[in-house]
There are 4 protein chains.
Amino acid sequence: MTRAAIIGASGYTGSELLRLLAHHHDLTVSVVTSRQYAGKHVGDVFPHIGRRYGDLVFREPDIPAIAQDADVAFAALPHKTAMEAVDVLARAGIPVVDLSADFRFRDQSVYEKWYVPHIAPELLERSVYGLPELYREEIPKATIVGNPGCYPTGAILGLASLLSAGAVSSQGIVIDSKSGVSGAGRSPSPGTIYPETTDGIRAYGVLSHRHTPEIAEHLSRAAGETADVTFTPHLMPAIRGILSTIYARTTSPMKTEDILDIFQSAYAGEPFVRVLGPWTLPDTRWVRGSNYIDIGALVDSSGSRAIIVTAIDNLVKGASGQAIQNMNLLLGLSEDTGLSHIPLFP
Amino acid sequence: MTRAAIIGASGYTGSELLRLLAHHHDLTVSVVTSRQYAGKHVGDVFPHIGRRYGDLVFREPDIPAIAQDADVAFAALPHKTAMEAVDVLARAGIPVVDLSADFRFRDQSVYEKWYVPHIAPELLERSVYGLPELYREEIPKATIVGNPGCYPTGAILGLASLLSAGAVSSQGIVIDSKSGVSGAGRSPSPGTIYPETTDGIRAYGVLSHRHTPEIAEHLSRAAGETADVTFTPHLMPAIRGILSTIYARTTSPMKTEDILDIFQSAYAGEPFVRVLGPWTLPDTRWVRGSNYIDIGALVDSSGSRAIIVTAIDNLVKGASGQAIQNMNLLLGLSEDTGLSHIPLFP
Amino acid sequence: MTRAAIIGASGYTGSELLRLLAHHHDLTVSVVTSRQYAGKHVGDVFPHIGRRYGDLVFREPDIPAIAQDADVAFAALPHKTAMEAVDVLARAGIPVVDLSADFRFRDQSVYEKWYVPHIAPELLERSVYGLPELYREEIPKATIVGNPGCYPTGAILGLASLLSAGAVSSQGIVIDSKSGVSGAGRSPSPGTIYPETTDGIRAYGVLSHRHTPEIAEHLSRAAGETADVTFTPHLMPAIRGILSTIYARTTSPMKTEDILDIFQSAYAGEPFVRVLGPWTLPDTRWVRGSNYIDIGALVDSSGSRAIIVTAIDNLVKGASGQAIQNMNLLLGLSEDTGLSHIPLFP
Amino acid sequence: MTRAAIIGASGYTGSELLRLLAHHHDLTVSVVTSRQYAGKHVGDVFPHIGRRYGDLVFREPDIPAIAQDADVAFAALPHKTAMEAVDVLARAGIPVVDLSADFRFRDQSVYEKWYVPHIAPELLERSVYGLPELYREEIPKATIVGNPGCYPTGAILGLASLLSAGAVSSQGIVIDSKSGVSGAGRSPSPGTIYPETTDGIRAYGVLSHRHTPEIAEHLSRAAGETADVTFTPHLMPAIRGILSTIYARTTSPMKTEDILDIFQSAYAGEPFVRVLGPWTLPDTRWVRGSNYIDIGALVDSSGSRAIIVTAIDNLVKGASGQAIQNMNLLLGLSEDTGLSHIPLFP
């Protein structure tokens, strides 16, 4: 059994790693860290997990010590804190899947424009963007996987194959996304209290959300030219789930079936991509708790406008599930190990 | 006091008319109809209203008889049933605000393409589209007001003044709307039961929703040319509220303030339009239960892309509140009579 | 017009006072205070209110200065802070309705056991418990009204008349209450974030909630002997509303109608109490946004067990609405002034 | 592999069986029936399941034919329809777990008083009430398991061991339960549409719910005398989950720890019962999607009143999960096979 550390295990992505890894046959969780809960049992902090991890206790995030007690690591830390930890782990030869933004960008300057100065730029070369459906071959060669953002996962997988195929234009793309509240993390804030997040919806981060450059980079790569993307996230009253409604122009008149054919061909054999039949569009409830991304599409009667809709669970395919998928690839395991849950519906 | 009939008063738009009209100083509800509840007290069907209407009892929808007992009427019926009732009322000289789609279109052929054959096409000339912010002058001259659809209200008011001003292009407009479930009415259906409408979101009616031609007609009128609009509604887990996120291209480089200036100028003096300051975008929770439409906008740094967001309560500004606003205009009353509620927040 | 100050106007009870007082014909809001928002416009802090209060700006809570600018005051502050402010206001001769617990108890020792040492015990004699349905005669004689807690309002009004009438036993009473999340206030906390308050329910404050002595005091008064009450609050996924399910033993075999008769007789003429007919039990959705308390009851076939259910909106009848009702009484106004809204349903 | 039929697989208990059995190593689903969906693929009716059951297609409920194609059966049908199917299956020698009420009562007259005339009373002797924690020894000897109701599961497991131990009185018990909406099934009805089930709570079936006799029977058995139980269900705005707040009188002064000790001892080794430590009470969110029942308790300072709180997922431990647990017992498999999921939180 490979021993895994979860660094920063007291948030939602951390607890979700614990939920999923309990069913993983080749990974055992040997270390969980939390400044806030150091010394406490996992089951006292997360009553839903209870005693499933026996006497496992949260530790302070002493990274060098952790490197002794784990063979691989998941970093579920805020950006900046993450790269400090990853830097130490990488020096100790520990493969890491990092769930922050710190290793998602090849181009240091893009990262630094949207986030903070990078403290370990030399590691960027040894890292890979962990979207297996696009970069499956590269992931096992890396030592650090930059796990994609939740919104980019749903957006990129709904467009990249169409752009690669030249089926839709890289210009004038609109991505309108709606996310559940767990995407905002577990720290209480005025923006996430119940009375002001339930029974309504609002846009946020309009024209300024940090996931924008991440989406643009990978769509541009797929298109072979700079993609022009407008991305608008919304906070909807749901615990989990991101629905992305994507508007693109076809490059030549096309039917719904043509778009679906491209998806089906691009994603044939993918364990976690489900291309829905014509006239069925995704619902975030159909992927809840699972690592699936559901994709549907419609083309208008003129053949010129394509609407693509994707749905993911932001904490699974959009975070912890994809992180395990990436770790499986890093370790040469079957990619779906520990990730075969059927979504919880209703 | 003017006596008002509410025909089809057992659904959400009917009960909302009852809620609002209880505070109206110049209208008294003399007739409420419902096939299902004929003979029952209003308070037994709507315990939230209780005895506020005393002994008012639901009647069968015998329209000629109603024309004796009411001076004006609100028709809160499904399309087709509505025009049959309106036809009788109009012959009896009763001014009507019709909340269905039956009198929303000037062009009979458009109506018939999206709905059913029209039984009273001669009345279309005597009807007006009841969006007071655009057609205030025409409404008092009509005898039938076609009360706008909920989505069109939020979409048109977020774009018409920009199109009239030539600030944004009429081509390539995307309107991505998110509606609460009350918009689907009160009849139980698989698509509105709690377990499958809460905690998630889905698109529906993609490229085929009947509000599309209504939106297109009035945006085209504002633009002076045929507008090219993609409209996608979504069902979100909220009781009330429609948020419309609108994507348009500016016709020349522009700043956020330029867009807001156009709105402020277009809507100066409007009792129910609130243009939000820069960097504040609408939230459906801020209009809940009220007749307000909140509008905000942002332009990107290049000045070429404008994102406009509007929020309404679909049952008030999107239906019953706007119907009363129209009736006030028909009757020469102050437009905000009975509609001055502050939104219920949280 | 009487000028009213709202001290502590940035929380939910404060904003609810603003919502309701906008429709009050005899009170005008002259002062609103907030340490956090001092200097800001009401409409910038509460976009749902917008410009309805024109240029009214939040002030620092400088109580002596406020006493110059207001004729009456609502104190919407946490306990302890409240009594400090009320002490100053009372010395300045300003009648106050205090929404905290500081003036709810006649017996200083009970207050101090459950809360903190009282700094103005001499004022307790000049204060009255502001439950108009029980103490309407005393309220106008007081200068300070201790506005009841939200849970006590729903619990006491569901039992006091039965206890006074000797219909149910004062022993072994169980009150199981379910509250919406707005009752926990507007400050973000781990216990009120969306992902952990939606889609589920939990009990809290079991056998230790501070509303227990308040309930017990008034039920004991009604019974004429010490009532034995078990009170359990729950946090349910709703914005507003408290449903209290009350279990009591009848003192002699009784029918449902007997219980309802006692209520109807006790509450005849009450503007805000609605006794529901047999077989209809309250729903918190039927009182949303209103000052109503709905009461229903059933007795089992043996006639020995009575189940009473009450529903209120915790922010209205459970807080700000009742505060205005009390202020109306203090000022000799019609009790329902500004409080006639029909509940918002759905 | 044992072949299992799910008869009535288009409702929530049916789809939940499909979700859980996909992870069961010893059972394979060979038959699914649905009158409504006969001929359709599982994945077309349940997009969340997708192609996990390959080409499995819904069949008409032709029970004799099913008996050829399955070794065991789950009956997920309404009562009355269920016993007709079970009768045929039993004659064909197929062991059945029946999720309806038809085989829950040993006493035919109790069943018939609350439900309908029983068509196969002779089978009642061959059936057992499938609450493994109480009747584990009897279940493998039966051929028909009457799977407990959702409310009874949470209520009985929170009281039976205390009654057996003589720790609490069998008289004056109050059980106040709050259930998610999935408990009402998948058929649309006015009582389960979103706008009228979200953002509020109501009691229903007060003093008349059919789960009352089921609860009373097993509590009486545990107590060794007729238990006097008041049971009140409520519909709360959650998809899944039942929280039962139970009020009982101790038979002698007791501490919280005494009650917890009884539970810990009674449920030692139980795979699905989690007794929470003192001062931690259950939350339905901590069991979501899992077969756990969480139990907590508090005793007041006088030692005379005990409050016990239990939480289950009504579709899992309250229905399909417990059904699989029973089937495992019938088949001599490890009891937790296929049921080891960690709850989905948040």
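These are my notebook entries on a predicted model with chains A, B, C and D.

**Entry 1. Contact between chains A and B**

I began with the residues through which chains A and B touch. Chain A gives 33 residues to the contact, and chain B gives 33 residues. I then looked up which elements of chain A take part. At least two residues each come from the strands β8 (173-179), β9 (202-203), β10 (229-235), β11 (242-249) and β14 (305-312) of chain A, and from the helix α9 (194-197). By residue class, I found 17 nonpolar, seven polar and nine charged residues on the side of chain A that touches chain B.

**Entry 2. Relation of chain A to chain B**

I next looked up how chain A is laid on chain B. A turn of 180 degrees with a shift of 0.0 Å along the axis does this, at an RMSD of 0.0 Å. Which residue of chain A comes closest to the rotation axis? I found Pro237(A), whose C-alpha is 3.2 Å from the axis. I also compared the two sides of the contact. Of the interface residues of chain A, 100% are also interface residues in chain B, so the copies meet through the same surface.

**Entry 3. Contact between chains C and D**

I repeated the search for the other pair. Here 33 residues of chain C are in contact with 33 residues of chain D. On the side of chain C that touches chain D, at least two residues each are supplied by β8 (173-179), α9 (194-197), β9 (202-203), β10 (229-235), β11 (242-249) and β14 (305-312) of chain C. I noted the classes on this side of chain C as 17 nonpolar, seven polar and nine charged.

**Entry 4. Relation of chain C to chain D**

I found that chain C can be laid on chain D by a turn of 180 degrees and a shift of 0.0 Å along the axis, with an RMSD of 0.0 Å. The two copies are therefore related as by a two-fold rotation axis. Within chain C, the C-alpha nearest the axis belongs to Pro237(C), at 3.2 Å. The same surface serves both copies, since 100% of the contact residues of chain C recur in chain D.

**Entry 5. The largest nonpolar core**

The largest nonpolar core has 476 residues, and Ile6(A) and Ile6(C) touch the most other members. I looked up the surroundings of Ile6(A), leaving aside its neighbours within four places in sequence. Ile6(A) is in contact with Gly14(A), Leu17(A), Leu18(A), Val29(A), Val31(A), Val32(A), Phe74(A) and Ala76(A).

**Entry 6. Backbone geometry**

Most residues other than glycine have a negative phi, and most peptide bonds are trans. I therefore looked for exceptions to these rules.

The bond from Phe345(A) to Pro346(A) is cis, with omega near -5 degrees. Pro346(A) is in the segment after α12 (316-330) of chain A. In chain B, a cis peptide bond joins Phe345(B) and Pro346(B), with omega about -5 degrees. I placed Pro346(B) in the segment after α12 (316-330) of chain B.

Asp199(B) has a positive phi, near 55 degrees. Asp199(B) sits in the loop between α9 (194-197) and β9 (202-203) of chain B. Is Asp199(B) buried or exposed? I found 23 C-beta neighbours inside 10 Å, so Asp199(B) counts as buried, the cut-off being 20 or more.

Trp279(C) also has a positive phi, near 75 degrees. I located Trp279(C) in the loop between β12 (273-275) and β13 (293-299) of chain C. Trp279(C) counts as exposed because it has 9 C-beta neighbours inside 10 Å, and the cut-off is 12 or fewer.

Technical notes
Residues are numbered from 1 along each chain as its sequence is written. Chains are lettered from A and ligands numbered from 1 in the order in which they are written. This is a predicted model: local features need pLDDT of at least 70, side-chain atom pairs count only at pLDDT 80 or more; totals for chains, interfaces and linings use all residues. Two residues are in contact if their C-beta atoms, placed from the backbone, lie within 7 Å. Helices (H or I, at least four residues) and strands (E, at least two) are DSSP runs, numbered from the N terminus. Ala, Val, Leu, Ile, Met, Phe, Trp, Tyr, Cys and Pro count as nonpolar, Asp, Glu, Lys and Arg as charged, and the others, Gly among them, as polar. Copies are superposed by least squares on the C-alpha atoms of residues with pLDDT of at least 70 in both. A nonpolar core is a set of buried Ala, Val, Leu, Ile, Met, Phe, Trp, Tyr and Cys residues joined through C-beta atoms within 7 Å.
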